[in-house]
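Thanks for asking me to look at this one with you. Here are my notes, to be read with the structure open beside them.

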Amino acid sequence: MQQINEFVATHFNAYIAKDLEITEKQNVEAFFKIGTNGKISNLKVRDANVAIQAEVIRVLKKLTAMKPATQNGEVVAVMYTTSIIYGG
């Protein structure tokens with residue numbers, strides 16, 4: 001799912017970290033489910049400043065529907081985790 005990581009890297013506003021005076025690199029993890037319809041749900045963000053959390057959620061909500069996963073020929077929902085590095 002490199003495309004998700006590239007999308008986040010392109011759309012994440014890195015200036016928020018600068019505005020918050022975060023000088024060292026930080027890592028935030030986001031968890032969500034890609035449903036059988038290809039849309040994300042159950043979005044959770046962990047270990048970040050509230051402004052960073054809001055930015056991660058804003059970006060991930062912009063994702064368009066994806067091709068859902070299949071297992072044994074059936075469409076299934078999957079959990080996905082991504083890490084975002086900011087600051088520094």
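The points below go from the sheet to the helices and then to a few single residues.

1. **Ground rules.** This is a predicted model, in which local features need pLDDT of at least 70 and side-chain atom pairs count only at pLDDT 80 or more, while totals for chains, interfaces and linings use all residues. Residues are numbered from 1 along each chain as its sequence is written, and side-chain values use heavy atoms, with hydrogens and water left out.

2. **The sheet.** Three strands make an open sheet in the order β2-β1-β5, and the pairing is antiparallel. Strands here are DSSP runs of E with at least two residues, helices are runs of H or I with at least four, and both are numbered from the N terminus; two strands pair if DSSP finds at least two bridges between them. β2 (40-46) and β5 (78-86) are the edge strands with a single partner each, so one side of each has no neighbour in the sheet. On average, neighbouring strands are turned by 20° against each other, direction ignored; the axes behind such angles are lines fitted to C-alpha atoms, for helices over the stretch in contact, and angles run from 0 to 180 degrees between N-to-C directions.

3. β1 (residues 26-34) runs antiparallel to β2 and is joined to it by five bridges. Two positions to check by eye are Phe-31, which stands opposite Lys-44 in β2, and Lys-33, whose bridge partner in β2 is Ser-41. Five residues lie between the two strands of this hairpin, and Gly-38 in the turn has a positive phi of about 85°.

4. **Helices on the sheet.** Helix α1 (residues 2-11) lies across β1 and β5, at about 35° to β5. Helix α3 (residues 50-61) lies across β1, β2 and β5, and runs at about 155° to β2. Contact in these notes means heavy atoms within 4.5 Å.

5. **Helix α3 itself.** Which residues of α3 are buried? They are Ile-52, Glu-55, Val-56, Val-59 and Leu-60, where buried means under 20% relative accessible area, exposed over 50% and partly exposed in between (1.4 Å probe, protein chains only). Seen down the helix axis, the buried residues of α3 fall within an arc of 125°, so they line one face; the arc is taken from the directions from the axis to the C-beta atoms. They pack against α1, α2 (15-19), β1, β2 and β5. Val-50 and Lys-61 are exposed residues on the face turned away from the buried side.

6. The twelve residues of α3 should span 16 Å at 1.5 Å a residue, and the end C-alpha atoms are 16 Å apart, which agrees; the expected span is 1.5 Å times one less than the number of residues.

7. **Two buried polar residues.** Glu-55 of α3 has a relative accessible area of 6%, and its side chain makes a polar contact of 2.7 Å with that of Arg-58. A polar contact is a pair of N or O atoms within 3.5 Å; within protein, one must be able to donate a hydrogen and the other to accept it, and residues adjacent in sequence count only if both atoms are side-chain atoms. Leaving out residues up to four places away in sequence, Glu-55 touches His-11, Phe-12, Asn-13 and Ile-16. Thr-82 in β5 is buried at 4%, and a 2.7 Å polar contact joins its side chain to that of Asn-5. With the sequence exclusion of up to four places, Thr-82 also touches Val-28, Glu-29, Ala-30 and Phe-32.

8. **Backbone angles to look at.** Most residues other than glycine have a negative phi. Asn-42 has a positive phi, near 55°; Asn-42 lies in β2 and is partly exposed at 45%. Asn-72 also has a positive phi near 55°, but Asn-72 sits in the loop between β3 (69-71) and β4 and is exposed at 78%.

9. **Val-75.** This residue belongs to strand β4 (residues 74-76) and is partly exposed at 43%. Val-75 touches Thr-36, Pro-68, Ala-69 and Thr-70, not counting residues up to four places away in sequence.
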